[in-house]
Amino acid sequence: KNPVKNFDFKSVGKFVAKIERNKEPILFYDKSLLPPFTYYYAGSNPLIPLPAINYDHNFYEENIYDTLELKKTIEKIKSPTSTFILMTDKSDGYKYDLTMTEQMIDECLSANYKVILDTSFYGENKNHTLRVRRLEIK
């Protein structure tokens, strides 16, 4: 998987810069989205991978394994705006298969946050979609 070629980071970077609020954290469910996004993103808001990157010899592979972990990971991040921007993709894992499905993520976010924006961007392959959501703390 090569995220630079598969996803439309140029459009996503422009979109996020247009809709972001001052000091609103931008969260990345998949850490591999962060490096190519930073190339096209000109803003100054904090960019935060979920969960936080801890280097080990397993190729930086750390996944969120269930909805409770996702909720707790987001709760640890303090947002001065009471909102977050969350970027997700239809990833099935880089090195290991993921246990969280897109449906599980959607249900967790709907149950715990008010989703006030949900936009998808298609890359070269229509199966490679980036979703940008604004979440508001309920």
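1. **What the model is.** This is a predicted model, in which local features need pLDDT of at least 70 and side-chain atom pairs count only at pLDDT 80 or more, while totals for chains, interfaces and linings use all residues. Residues are numbered from 1 along each chain as its sequence is written, and side-chain values use heavy atoms, with hydrogens and water left out.

2. **Overall make-up.** The chain holds 5 helices and 5 strands, taken as DSSP runs numbered from the N terminus (helices: H or I, at least four residues; strands: E, at least two). Along the sequence they follow the pattern α-α-β-α-β-α-β-α-β-β. Of the 138 residues, 41% count as buried (buried is under 20% relative accessible area, exposed over 50%, partly exposed in between, with a 1.4 Å probe and protein chains only).

3. An open sheet with mixed pairing takes its 5 strands in the order β2-β1-β3-β5-β4; two strands pair if DSSP finds at least two bridges between them. At the edges sit β2 (47-49) and β4 (113-122), each pairing on one side only. From one strand to the next, the twist averages 25° (axes are lines fitted to C-alpha atoms, for helices over the stretch in contact, and angles run from 0 to 180 degrees between N-to-C directions).

4. **Two strand pairs.** Strands β1 (residues 26-28) and β3 (residues 83-89) run parallel and are joined by 3 bridges, with L86 in β3 as the bridge partner of L27. Strands β4 and β5 run antiparallel, joined by 9 bridges; here F121 has L130 in β5 as its bridge partner. A hairpin of 6 residues links β4 to β5.

5. **A buried arginine.** R134 lies in strand β5 and counts as buried because its relative accessibility is 7%.

6. **A buried glycine.** G13 is found in helix α2 (residues 9-19), and it counts as buried because its relative accessibility is 1%. Leaving aside neighbours within four places in sequence, G13 is in contact with F37, Y40 and Y41. The C-alpha atoms of G13 and P36 are separated by 9.6 Å, with the two residues 23 apart along the chain.

7. **The cores.** The largest nonpolar core has 17 residues, of which V12, V16, F37, M87, L130 and V132 touch the most other members (a nonpolar core is a set of buried Ala, Val, Leu, Ile, Met, Phe, Trp, Tyr and Cys residues joined through side-chain atoms within 4.5 Å). At least two residues each come from α2, β1, α3 (34-40), β3 and β5, and α2 gives the most, with 5 residues. Another core, of 15 residues, lies apart from it, with L27, L50, L70 and L86 among them.

8. Among contacts between residues at least 6 apart in sequence, 66% join residues at least 24 apart.

Key:
Contact means heavy atoms within 4.5 Å.
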